Each structure stands twice: as structure tokens, then as C-alpha cells.
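Hi,

Here is the structure I promised to pass on.

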Amino acid sequence: MSLGKKSWAAIKIIVFLLSLTPFALLVNDGLNDQLGANPIETLHFGFGDWALRFLCIGLALTPIKTITGQGWPIRFRRMMGLFAFFYASLHLLVFIVLDLSLSWEAFKDEVPKSPYILMGLLTYLLLVPLAATSTQKMQKRLGRSWIKLHRLVYAAGLTALVHYFWLVKKDYTEPLIYAVAISILLGMRIIVYCKRTAKLFSL
Amino acid sequence: MLIKTKSNILSSEITDRAVFESRREFIKTATALSAGFMLPSPGQAATGKYADAPVGPYSAKLQVTDREDVANYTNYYEFSTNKTDSTVLAKALKTAPWTVEVTGEVEKPGVYNLEDILKDNPVQERIYRFRCVEAWSMVVPWIGFPLGDMLKRFKPTSKAKFVEFTTLNNPEIMVGQRSGVLDWPYVEGLRIDEAMHPLTMMVTGMYGDELPNQNGAPLRLIVPWKYGFKSIKAIVKIRFTETMPETAWHKSAPGEYGFYANVNPEVPHPRWSQSRERVLGGSIFTPKRETEKFNGYGEEVAALYSGMDLKQYF
């Protein structure tokens with residue numbers, strides 16, 4: 001797509017606003033007392049779902065570029081990654097502030113007993129350095145190591161999946177859908193990687 | 001100085017006398033309507049089928065959860081694993097006529113009409129805490145009768161050491177049963193002394209009215225000191241047995257859900273703490289409540305388990 005600078009800026013603003021919509025809808029439901037019998041759970045799960053969805057969207061952009069041969073998907077990679085981080089932060093914030101009511105006592109008791117919470121915290125820790133180094137400045141400064149560092153997102157995709165599987169009581173339908181999506185997205189990278197190394201050896 | 005000699009009030013602005021005189025009626029109706037719609041009043045609804053049910057023993061004076069929350073947050077996997085979808089899906093269930101098959105170690109086995117069971121067992125209201133294994137809880141005014149009173153009429157034999165309950169199996173209506181999320185039909189069980197305990201209830205209603213389908217109509221169990229999954233819904237079969245029945249959740253994950261399933265903050269679920277519970281209906285800034293052993297009914301039921309290691313028999 002050969003669009004001008006202005007058109008891309010406009011498209012980016014639209015995508016940005018669209019990405020904020022789930023947040024706006026949940027906040028609006030909250031203000032109108034529409035979050036159901038367990039509002040904290042609705043917010044907590046809502047933000048968690050969207051964190052995982054944006055992680056998947058972010059992971060899909062490079063494969064889309066590979067398949068279509070077009071460069072435009074990469075323009076949205078940072079924004080999607082940062083939205084994943086944004087929703088993951090809200091997810092964590094709801095847990096700490098609303099579910100645990102900022103009680104250190106509750107944190108000490110509940111977190112170690114829950115492998116899935118530990119896995120969620122690990123996922124968040126993996127995302128923090130990626131968000132922190134997401135600026136163009138940091139990208140330039142870190143050079144090749146920036147690329148290496150940002151491969152952590154693959155690990156975050158996997159730990160997020162484990163986090164989801166471990167918290168489910170019985171019905172694995174939803175985490176399975178994400179597992180298939182993430183497997184395809186990471187699998188495509190493995191295929192590309194294998195093809196590249198095969199080419200190197202054949203030369 | 002401005003002196004108005006003529007009235008400014010148009011005749012069309014003057015309230016018709018008949019309307020004026022009926023204003024009290026209007027206010028009354030409006031108040032009644034808003035009260036009916038806006039405050040799903042805790043406790044008994046004035047017009048429900050069981051509005052006059054007397055308050056039974058063990059009923060606690062607790063802040064009752066809004067009926068809307070209780071009716072729209074149910075774990076009813078026979079319909080859906082989603083707690084609100086079951087409200088809509090369960091509407092398809094026909095709850096009358098309804099029969100309960102009584103079998104096993106009893107002198108009077110048979111297929112009993114629910115109507116006849118209800119004739120023999122006058123209902124009462126009891127406000128109980130309800131604690132789910134998922135660490136949330138609510139307070140519900142149940143309408144029902146002691147399970148023990150009902151069971152004694154069937155004359156259990158001396159071999160009856162346990163009671164097993166089975167939920168209706170009908171995948172055509174209970175669409176959740178088309179998936180293998182649990183091994184259908186849902187089965188639960190109690191030791192005979194637990195079943196005969198005066199706290200244990202057979203429930204046919206809540207909030208002074210009939211039980212909504214999604215809450216287990218027309219007949220469900222309530223065992224207030226155990227996690228909610230023990231309180232089986234839409235019961236069609238009661239079997240008295242000599243051996244401990246295999247129950248649905250235990251079968252599905254024996255390491256996570258035991259036969260006893262007594263509420264116990266000291267025994268965490270393998271994947272989460274049970275020390276606290278989210279009481280539904282609070283503000284989002286209300287902290288969780290400290291879970292009580294036996295859900296606060298220890299004085300009544302702790303003796304049933306004296307000498308038992310509750311960590312082993314969870």
C-alpha cells in the first residue's frame with residue numbers, strides 16, 4: 001500500500017482509538033453498574049482477555065508481512081505490543097488493588113498458593129522490559145541486542161498460555177483457542193527460521 | 001409598579017379535578033412500581049409463591065445478596081460453563097411434572113411425585129451463607145425443608161451409609177451435557193449423618209418464590225457448610241448406598257475436589273487459596289471476607305468430623 005504520511009497517521013489514530021474501545025466499554029459498564037454479580041472478576045477477566053488478544057495480534061503482524069510481502073503490518077507492531085502491555089497492566093492492577101485490596105497479608109497468602117498467579121506475574125515481568133525499550137531511541141541505542149531482547153515476547157506468549165490453562169477449573173475451550181493461535185504464530189517463525197538455516201547450508 | 005389584574009394561568013394549565021383528586025393513587029402506584037423494579041428486596045417477595053413461608057431454625061440474620069446476583073451467577077455446567085448464559089439456557093427446562101426415583105437401601109423405594117413430596121414436607125425459609133469452591137460467596141434466603149425429614153419417610157435400612165443424588169440427564173434440553181466437560185449425569189453424595197443433619201436442606205424456592213431454573217429448579221440440595229458443588233441441582237434420583245458414591249467433581253479431578261468438600265480456609269485448593277472469599281454484592285473496594293471453617297457452621301457440624309484429618313479428607 002502506497003499511502004502518504006498523513007494517511008498513515010490518520011489510520012494509526014483510528015487503530016489507536018479502536019484498541020482503546022474495550023477499555024472504554026468496560027469502564028462505561030462499571031460506571032453504569034453493568035458488570036454483573038462479580039464486577040471485579042468481570043474487569044479482571046476482561047482486561048486479561050484483551051491483553052492476550054493484543055499479544056496475539058502483535059505476534060501475527062510479522063507472519064502477515066511474510067505472507068503478503070507487504071511492509072505495512074510492521075507499522076502497527078509497537079502499538080499492538082504496547083496495548084498488550086496496557087491491558088496486562090490493568091489486569092494486574094485490578095488484581096492487586098481491587099481483588100487483594102492492596103493487602104500484603106492477602107498477597108503473601110494467596111500468591112504462593114497459586115501457580116497460575118505466579119505464571120501471570122512472570123508473564124508481566126517478561127513484558128516490562130519490552131515496554132520500557134519500545135521507543136525508537138531505545139531501539140537505536142540497543143541495536144542488535146534490541147532484536148534479541150524483544151524475542152522475550154515469544155516466551156511471554158507461552159507463559160500467558162500456561163497462566164490461562166492453570167487457572168481454568170474445567171472448561172479448556174477458550175485457552176485452547178489461544179493455544180492454537182499462538183502455536184500457529186510461533187510455528188510460522190520456526191518454519192521461516194528452518195528455511196533460512198537450510199538455505200545457508202545449501203549455499 | 002406592576003399590578004396584574006388578570007390571571008396569567010391558562011385554563012389548559014389547570015389540572016383536571018379528577019386527576020388532581022387521584023394524585024394519591026398515582027403516588028402509591030408509582031412508589032409500588034419503583035420499589036418492585038428497583039429493589040429486588042432481600043428476603044421474601046411479597047407476592048411470591050412462598051411469601052408466607054415461616055422462618056426456620058438456623059436461619060441467620062445476615063445481609064442478603066441481591067436476588068438478581070444470585071439468579072445470574074450460577075455454575076450450572078449442564079447448561080453452560082458461563083455463569084450468566086445458564087440463566088437463559090435453563091429456561092428451556094420443564095420442571096413440572098417432576099418425579100424423584102428413590103432406590104437402594106430403603107424399605108420404601110419408588111418413583112415419587114414432587115407434588116407429593118412437597119405435601120409431606122412443609123417449607124420454611126432459611127438464610128444461609130453459600131460458599132463456592134471458586135472463592136466467592138453469597139447469602140441466600142432459601143425455601144425448603146430439612147432433607148432428613150424427607151429421607152426418613154423412605155425408611156433407610158441399616159445398610160444405608162451414604163446417600164447419592166443424581167441430576168436430570170437430558171442433553172436435548174441441557175445443552176451443556178453435549179460436551180464432555182464433566183461425566184454426565186452429575187452425581188453428588190453425602191454420608192448418611194451429613195444428610196440427616198438438620199442444617200441440610202432440600203430446596204424448592206428462594207426469595208419467597210419458586211426456584212428459578214438456573215438455580216436448580218425444581219428440587220436441589222443445600223449443604224451450607226460445604227462448597228457449592230456439593231449442593232446438586234435438578235435432582236431426579238436419590239439412592240441409599242453402603243459404599244461411598246463416586247461424585248462428579250471428584251471423578252473429574254480427584255486431587256482437587258474431595259467427597260467431603262467442607263469449607264475450610266486451612267486446606268487450600270491445589271491451585272488457589274481458600275482463606276478468603278469475595279462476597280458478591282459489595283462495592284469494588286470492599287475487601288474479601290476471611291473464610292470461616294465449615295462456612296461458619298462449625299458449632300453445628302464440626303462433631304461430624306471429630307478425629308478425621310480434614311487435610312486428608314478434603
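**What I found**

A:Asp33 counts as exposed, because it has 8 C-beta neighbours inside 10 Å. Helices (H or I, at least four residues) and strands (E, at least two) are DSSP runs, numbered from the N terminus.

Before you go further: this is a predicted model, where local features need pLDDT of at least 70, side-chain atom pairs count only at pLDDT 80 or more, and totals for chains, interfaces and linings use all residues. Residues are numbered from 1 along each chain as its sequence is written, with chains lettered from A and ligands numbered from 1 in the order in which they are written.

Over in chain B, B:Tyr207 also has a positive phi, about 55 degrees, without being a glycine. B:Tyr207 lies in the loop between strands S7 (201–206) and S8 (209–210), and is buried because 28 other C-beta atoms lie within 10 Å.

Chain B has cis peptide bonds too. One runs from B:Ala96 to B:Pro97, with omega near -5 degrees; B:Pro97 is in the loop between helix H4 (85–89) and strand S1 (99–104). Another joins B:Trp184 and B:Pro185, omega about -5 degrees. Why flag these? Because most residues other than glycine have a negative phi, and most peptide bonds are trans.

Cheers

Terms used. A residue is buried if 20 or more other C-beta atoms lie within 10 Å of its own, exposed if 12 or fewer, and partly exposed in between; C-beta atoms are placed from the backbone.
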